Amino acid sequence: MKSLCINVLLQNTANVTTTTIADFRAYVMTAIPNAKLTWCPDNVFMFPGNKNAENSLIASYLALGDELAIGQGFPAVDYPTLGEFEDQVDEWLSSAFARYSRSTTVACAWHYPASYIAYLVSKGIKIANGTVWSQTGVDRFQGEGTKLFPYYPSITNASVP
């Protein structure tokens, strides 16, 4: 294996500190020295005034070759119209460049409708999706305890388990 990419969602919580970030990266790099981490700060984590020491640490990792991603949990729920989503993405891209002095290359979320994916791609952003709880609709994935299924958003159906 040449490399391994790991997406790391950073949320604005008390558990995300410079120590936990550094420990996690050190652990990964010890186990897989050529791993590449993609840092996905949520909006609150990244905005100026929040998590300054943590964001400085992330910026130092970006300077070493790690990637920066838009870290969104449930964009279809949090930004229910395409216009709201576009505004949020544009604000995020501007703030990320101001905070880290670099462009975002990836967007990560549990689920993107096809129109949201098209907008991200038009901005030159690659898409990364993970696995989510099974569900019948976009309901913040409240199926705790159900089996995990991969999600494949498409033009015809944004929720195809």
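Let's start with Cys108, which is buried at a relative accessible area of 11% (buried is under 20%, exposed is over 50%, partly exposed lies in between, using a 1.4 Å probe and protein chains only). Cys108 is in no disulfide, and its nearest cysteine sulfur, on Cys40, sits 3.7 Å away. To count as a disulfide, two cysteine sulfur atoms must be within 2.5 Å. Cys40 is buried too, with a relative accessible area of 2%. Searching the whole structure turns up zero disulfides.

## What kind of model this is

This is a predicted model, where local features need pLDDT of at least 70, side-chain atom pairs count only at pLDDT 80 or more, and totals for chains, interfaces and linings use all residues. Residues are numbered from 1 along each chain as its sequence is written, and side-chain values use heavy atoms, with hydrogens and water left out.

How many aromatic pairs does a search of the whole structure find? There are two, where a pair means Phe, Tyr or Trp rings (the six-membered one for Trp) with centres within 6.5 Å; planes under 30 degrees apart are stacked, over 60 edge-to-face, and the rest tilted. Trp39 and Tyr61 are a stacked pair, at 5.7 Å centre to centre and 20° between the planes. Trp39 belongs to strand 2 (residues 36-41) and Tyr61 to helix 3 (residues 52-63), so their pairing ties together parts 22 residues apart in sequence. Here, helices (H or I, at least four residues) and strands (E, at least two) are DSSP runs numbered from the N terminus.

Trp39 and Tyr61 are both buried. Tyr61 also has Arg25 lying over its face, 4.4 Å from the ring centre (a charge over a ring means NZ of Lys or CZ of Arg within 6 Å of the centre and within 35 degrees of the ring normal).

Phe85 is buried at 0% relative accessible area, and Tyr116 is buried at 3%.

The axes of helix 5 and helix 6 come within 10 Å and cross at roughly 30°; axes are lines fitted to C-alpha atoms, for helices over the stretch in contact, with angles from 0 to 180 degrees between N-to-C directions.
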